Amino acid sequence: MAEEFQYSRWLNIAVREIFTEIEKCCSNKKEVTEGLLASLHTLFPLQSVTALDLIDHRSVSLLTSPSGRKIYSCLGSLGTPYLIPYTGFTCTCPSYRHNLNSENLWCPHLLAVQLSIAMDIVQQKQVTEDVMKTLLSELVMFDD
């Protein structure tokens, strides 16, 4: 258990540092360096390529309702929308549900959302309260 904790702790520190550096590059209008992309690929060899492809296609949206509730949506590579809570780290994709373990806490959609936030390229979309209720219900059903 202690080894798993240490692995998760250091992985989270490394990921945060990479996202911070990507954010700095983008806020200074600089290209994201090859070194940062290589680091990202080292940490997420399977997810990073898909996540970067999703970002290229501007697949990440922040959906907001009139009451202020928020949820992220990320279109998968086949066009299926997956939901990610605004403040959480879960995804409704099959990859997240079936491959989650102590060494694989990220799916490509979670990674795409975090990269899109760091790069400030998240699309903003307004949805009705009814649509938001439906989306939140889907998330609740996913967690069961």
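**Pockets and a buried serine in the predicted model**

By class, the lining of the largest pocket in this predicted model comprises 8 nonpolar and 6 charged residues, with no polar ones. The pocket is lined by 14 residues. C26, K30, E31, V32 and M119 lie nearest its centre. Two elements, α1 (2–27) and α3 (47–56), each give two or more residues to this lining. The volume of the largest pocket is about 290 Å³.

The second largest pocket has a volume of about 150 Å³. Its lining consists of R16, F19, T20, E23, C26, S27, Q114, I117, A118, M119 and D120. Here the elements giving two or more residues are α1 and α5 (108–119). Helix α1 supplies the largest share, 6 residues. By class, the lining of the second largest pocket has 5 nonpolar, 3 polar and 3 charged residues. C26 and M119 are among the residues that line this second pocket. C26 and M119 are also among those nearest the centre of the largest pocket.

S73 is found in strand β2, which spans residues 70–75. The relative accessible area of S73 is 10%. S73 therefore counts as buried, since the cut-off for that class is under 20%.

How values were computed
Residues are numbered from 1 along each chain as its sequence is written. This is a predicted model: local features need pLDDT of at least 70, side-chain atom pairs count only at pLDDT 80 or more; totals for chains, interfaces and linings use all residues. Side-chain values use heavy atoms; hydrogens and water are left out. On a 1 Å grid over the protein atoms alone, a cavity is a set of points where a 1.4 Å probe fits but cannot get out, and a pocket is an open set with protein on both sides within 12 Å along at least five of seven lines; lining residues have an atom within 4 Å of a point. Grid points are joined across faces, edges and corners, and a volume is the space filled by probe spheres set on the points. Helices (H or I, at least four residues) and strands (E, at least two) are DSSP runs, numbered from the N terminus. Ala, Val, Leu, Ile, Met, Phe, Trp, Tyr, Cys and Pro count as nonpolar, Asp, Glu, Lys and Arg as charged, and the others, Gly among them, as polar. Buried means under 20% relative accessible area, exposed over 50%, partly exposed in between (1.4 Å probe, protein chains only).
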